[in-house]
Every structure is written in C-alpha cells, then in structure tokens.
Amino acid sequence: MRVVLQRVKYSSVKIEGKIVGKTENGLLALIGMNKGDSKAVFDKMLDKITNLRIFEDEKGKMNLSVRDIDGGILAVPNFTLYSNCRHGRRPDFAAGAKPDEAKKSFEEFVSLLKSSFPNTETGVFGADMQIELLNDGPITIILDSDELMGGKV
C-alpha cells in the first residue's frame with residue numbers, strides 16, 4: 001500500500017462536476033493498493049495516517065496529528081501510485097493490485113479508517129475524479145507499507 005499524504009487547508013473530489021467528498025484543515029490521502037495488502041498493513045497505515053505529527057502546535061512546531069487538531073481526511077483511490085517508469089516514456093501500471101483486488105482492499109481500508117476516524121470522506125474507486133486542494137505548507141509525505149513493515153507482509 002502506498003499513500004501520498006498532503007496537509008491541506010481544503011480538498012475536494014468531484015465526479016461529473018459534483019462534489020462527492022471534501023475536507024477542511026486536514027489531510028488529502030491519495031491511496032494505491034498493492035497485491036496482497038493485509039489487515040496488518042491497513043492497521044499500520046491507518047495508525048501512521050491518523051497519528052503522524054505534521055500540524056503545528058501553538059509554538060509553530062509540527063507536534064500535532066490530524067486527530068489532535070480535529071481535522072478531516074479525504075481518502076482518494078489512486079492506482080497510479082504503483083506506476084513503473086523505469087523503461088520508456090509510458091508508465092506501466094502492472095505492479096499494483098489488479099482492479100478487483102484493489103477495490104476490495106481500498107473499501108476494506110476505508111471502512112477501518114472511518115471506524116477509527118469518523119471525519120473521513122472518500123473518492124470513488126474507478127471513477128474519473130477531479131481533485132481540488134489548497135496544500136498547506138506545502139507538507140507532502142509518502143508512506144509505503146513495504147518500508148514501514150520491513151518488507152512485504
């Protein structure tokens with residue numbers, strides 16, 4: 001599982017011009033699913049996303065998490081996070097989970113995320129989405145479960 005986290009003042013996802021998910025003062029999480037992602041991976045990534053201290057405290061230090069600031073999370077599926085650009089000029093997207101597995105995994109992860117962090121909204125798996133955001137900082141963090149878990153679980 002790979003996640004690109006962006007600290008945002010505002011983010012939204014639209015499908016056919018209609019907002020289907022949004023958040024203010026929180027995180028935009030672009031989420032790519034890998035083959036064989038497990039509950040252990042989901043639990044670790046959920047903990048990192050919701051507890052990573054990337055928001056400023058009263059002294060201007062990044063000591064607060066999205067939980068601490070009572071922020072929101074916009075979780076958006078993004079299969080291109082597993083693109084391979086090593087050869088040629090056209091990305092290869094075969095490295096990540098196949099669409100059926102990725103959709104099931106994304107939905108399972110979002111269910112866990114929402115149960116742990118209710119102020120979560122989402123994009124729609126497989127849809128043509130337009131993302132709007134105001135990056136705050138900018139603060140952008142890349143989380144890769146293979147790195148966090150010390151190898152594939």
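**Close-up views of the predicted model**

**View 1. The buried residues of helix α2 are Ala-102, Ser-105, Phe-106, Phe-109, Val-110 and Leu-113.** These residues share the same side of α2, because they cover an arc of only 135° around the axis (the arc is taken over the directions from the helix axis to the C-beta atoms). Here, buried means under 20% relative accessible area, exposed means over 50%, and partly exposed lies in between, using a 1.4 Å probe and protein chains only. Please keep in mind that this is a predicted model, in which local features need pLDDT of at least 70 and side-chain atom pairs count only at pLDDT 80 or more, while totals for chains, interfaces and linings use all residues. Residues are numbered from 1 along each chain as its sequence is written, and side-chain values use heavy atoms, with hydrogens and water left out. On the face turned away from the buried side, look for the exposed residues Asp-100, Lys-104 and Ser-115.

**View 2. The buried residues of α2 pack against β2, α1 (39–51), β5 and β6.** Contact means heavy atoms within 4.5 Å. Helices (H or I, at least four residues) and strands (E, at least two) are DSSP runs, numbered from the N terminus. If you follow α2 from end to end, its end C-alpha atoms are 25 Å apart, which agrees with the 26 Å that its 18 residues should span at 1.5 Å a residue; the expected span is 1.5 Å times one less than the number of residues.

**View 3. Five strands make up an open sheet with mixed pairing, in the order β6-β5-β2-β1-β7.** At its edges are β6 (120–122) and β7 (130–144), each pairing on one side only. Neighbouring strands here are turned by 30° against each other on average, direction ignored. Helix α2 (residues 99–116) packs on this sheet, where it touches β2, β5 and β6, and its direction makes about 175° with that of β5. Axes are lines fitted to C-alpha atoms, for helices over the stretch in contact, and angles run from 0 to 180 degrees between N-to-C directions.

**View 4. Strands β2 (residues 18–32) and β5 (residues 72–77) run parallel and are joined by six bridges.** Two strands count as paired if DSSP finds at least two bridges between them. Within this pairing, Leu-28 stands opposite Leu-74 in β5.

**View 5. Arg-7, Lys-9, Glu-56 and Asp-136 are linked in a network of salt bridges.** A salt bridge is a side-chain nitrogen of Lys or Arg within 4 Å of a carboxyl oxygen of Asp or Glu. Start at Glu-56, whose side chain meets that of Arg-7 at 3.2 Å, N to O. Glu-56 lies in β3 (residues 55–56) and Arg-7 in β1 (residues 2–15), so this pair ties together parts that are 49 residues apart in sequence. Arg-7 is buried, at 3% relative accessible area, whereas Glu-56 is partly exposed at 38%.

**View 6. Asp-136 forms a salt bridge with Arg-7, with the closest N and O atoms 3.3 Å apart.** Since Asp-136 belongs to β7 and Arg-7 to β1, the pair ties together parts that are 129 residues apart in sequence. Asp-136 also forms a salt bridge with Lys-9, where the closest N and O atoms are 3.9 Å apart. This second pair again links β1, which holds Lys-9, to β7, which holds Asp-136, across 127 residues. With 18% relative accessibility, Asp-136 counts as buried; Lys-9 is partly exposed at 40%.
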